[in-house]
Amino acid sequence: MKQSIRQNKMLLAVTLLFSIITSAAGVLIAIILQKVIDAAMQGDMLLFKKIVILSVAYLLLLSLFGFMYAICSKALIRNLTLSLRERVFRGVFRRNAEEFTSSNTADYLSALTNDIKLLEDNYIQPLLLTLQNVVVFAASLIILLYLSPLITLILVVCMILMFTVPSLFGKALQDKQSAVSAQMSIFTTSVKDLLSGYEVIKSYAMGKHTEQKFQQENTAAANTRFAADRLFAANESLSETLAILTQFSVVFIAAYLIISGDFSAGSLVALVQLSGGFVGPVLVVMQNLPKIQGVKPVVQRINDLASEEAQPKSGLLEPVFNENLEISRLHFAYQQGNQVLSDINLSLQKGKKYALVGRSGCGKSTLVKLLSGYYDRYEGSITLDGINIKQLDPERLQQMTATIHQNVYMFDTDIKQNICLHEEFSEEVMETALHTSGVHKFVEKMPSGLLTTVGENGSQLSGGQRQRIAVARALIRSKPILILDEGTSAIDMQTAYEIESRLLTLKELTLMTITHNMNEELLGLYDEIIYMENGRIAEVGSFHVLRARGGGFAAFCSLHKGDVAEALQA
Ligand SMILES: Nc1ncnc2c1ncn2[C@@H]1O[C@H](COP(=O)(O)OP(=O)(O)OP(=O)(O)O)[C@@H](O)[C@H]1O
């Protein structure tokens, strides 16, 4: 927040300047009123005409400065919200994979929309209003002191009362605003979940449950907001009552002074006008300060998400992969006490091809995530060409690896952009990537070819087509390490075989395939099979050696074949 304000300090200064001029000039109305009424009461036509001319000039200047203030304050709000959104967006993308996945994406959406709006309504605008009213208050105080020190004293006493009572609301409002932000986040997450589940909801007739769930969350969000608004309402009406009480005191005392002959009628009008300019600002400040206080937790949340300027990556090395990736005595748990990987020792050579197999849940995906720098809170060591990966630039490390999962993310644009991701590649490189990945096979049949749009998250493509695009996306950049986490599972056997066997011939590519497909011919082409059991590496070796050994892998293969045969018979 502070950084966004600092970025706009010039505009803020100009806005404040116009605010001061407009507010101070507004207070002068009281003096004009006093003079014009006194001139009328005295029947002084010359003075009256002078005041009329001065008033016209005053009015023109006031509206000009008022307009300038309005434009500047709106530009300031635009710049601040723009900068906050940009910094939150950058901050979210600067998070490492573990931090990023620790929150639901709807939480980020809620911060970018609901929370920024909350800041605009309850922080930026109230802050500007407060500053403006502080100036009106100061100018009114000076003129009031000049007109009547006694009435000024009474006003100050009333004001102290007005300040102390509603400040009691501050803490309660803070808690309520926090609750509104949290509830809006739950609401957005829940609605996103329901909308994403459209297909399941429709096909499993979950409409009623979905509506009930939406209603529940919607009501909770509306009620939480209403609870905060109730407190605001109490705060506002109490402030208004105190303000009216103050104005009554001023007028009654001034009327008494007129009756006793100590005051002119013009001064009374000026006083009434000024007491408005004195009480009004305090009222505005009192209503807005709790808002500003109350929104502090939201400011904190935005500050936590927003990125600071990129720190120089001092001490971090550029990753280089020419030789090997070594894993030594690696232990890892997502939650304490629930070990997922235990004592993993492995040596992967550049350019070699590895198949990682094992029962579901034995830790294969977790292991490859650790290799690509996804998590860094593990025991043991992972080294790339002899350098511990914790000493390497994590962003560059992630960029060395491409992982293709069962569910591939597609941007809502055409096939070409989904492969190139807005980078330029030569035709030759493009052609090679299209052929090796098997994309050419289905693109040739499409009327718009590579320019065919894929729809939201690739909804207009099959799962296998999406996976082939993801393979092309990785190949076109010559990523040194490619991980297929069941990355060809959605492709028909024949095409998957063709793609995998082509990938196996790429000399420079280090390939790690997690697969449940026990195709002997294909597995035989891998340099090594890494067989995992219960978070440990049970066996490593070539397919034929492991089969001949008759250990865990051989049993896993036979079992798997049995499953396939059973499935075929059924
Ligand atoms: N983000 C996570 N948080 C907590 N536990 C997790 C997380 N991801 C995986 N696990 C747990 O870690 C264990 C290993 O999961 P992992 O996905 O690595 O297995 P896998 O061998 O790849 O399984 P599959 O073949 O079914 O994909 C499982 O018990 C799983 O429940």
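Predicted model: local features only at pLDDT ≥ 70, side-chain atom pairs only at ≥ 80, totals over all residues.
## Packing of H7 and H10

Helix H7 (residues 149-164) and helix H10 (residues 207-259) have axes that come within 10 Å of each other and cross at roughly 165 degrees. Angles over 145 degrees count as roughly antiparallel, so H7 is roughly antiparallel to H10. The crossing of the two helices is right-handed.

On the H7 side, the contact is made by Ile 151, Ile 154, Leu 155, Cys 158, Leu 161 and Met 162. H10 supplies Ser 239, Leu 242, Ala 243, Leu 245, Thr 246, Ser 249, Val 250, Ile 253 and Ala 254. The contact of H7 with H10 comprises 12 nonpolar and 3 polar residues, with no charged ones.

## Confidence

Over the protein chain the mean pLDDT is 84, and 94% of the residues reach 70 or more. Strand S9 (residues 528-533) has the highest confidence, at a mean of 94, whereas helix H22 (residues 552-569) has the lowest, at 64. Across residues 564-570 pLDDT stays under 50, and the model has 0 contacts beyond four places in sequence for this stretch.

For the complex, the predictor gives an ipTM of 0.97 and a pTM of 0.65.

Methods: Residues numbered from 1 in each chain as written. Axes fitted to C-alpha atoms, helices over the stretch in contact; angles between N-to-C directions. Helix = DSSP H or I, 4+ residues; strand = E, 2+ residues; numbered from the N terminus. Parallel < 35°, antiparallel > 145°, perpendicular 65-115°, else oblique. Left-handed = near helix turned anticlockwise from the far one by under 90°. Contact = placed C-beta atoms within 7 Å. Nonpolar A, V, L, I, M, F, W, Y, C, P; charged D, E, K, R; others polar. pLDDT = per-residue confidence, 0-100.
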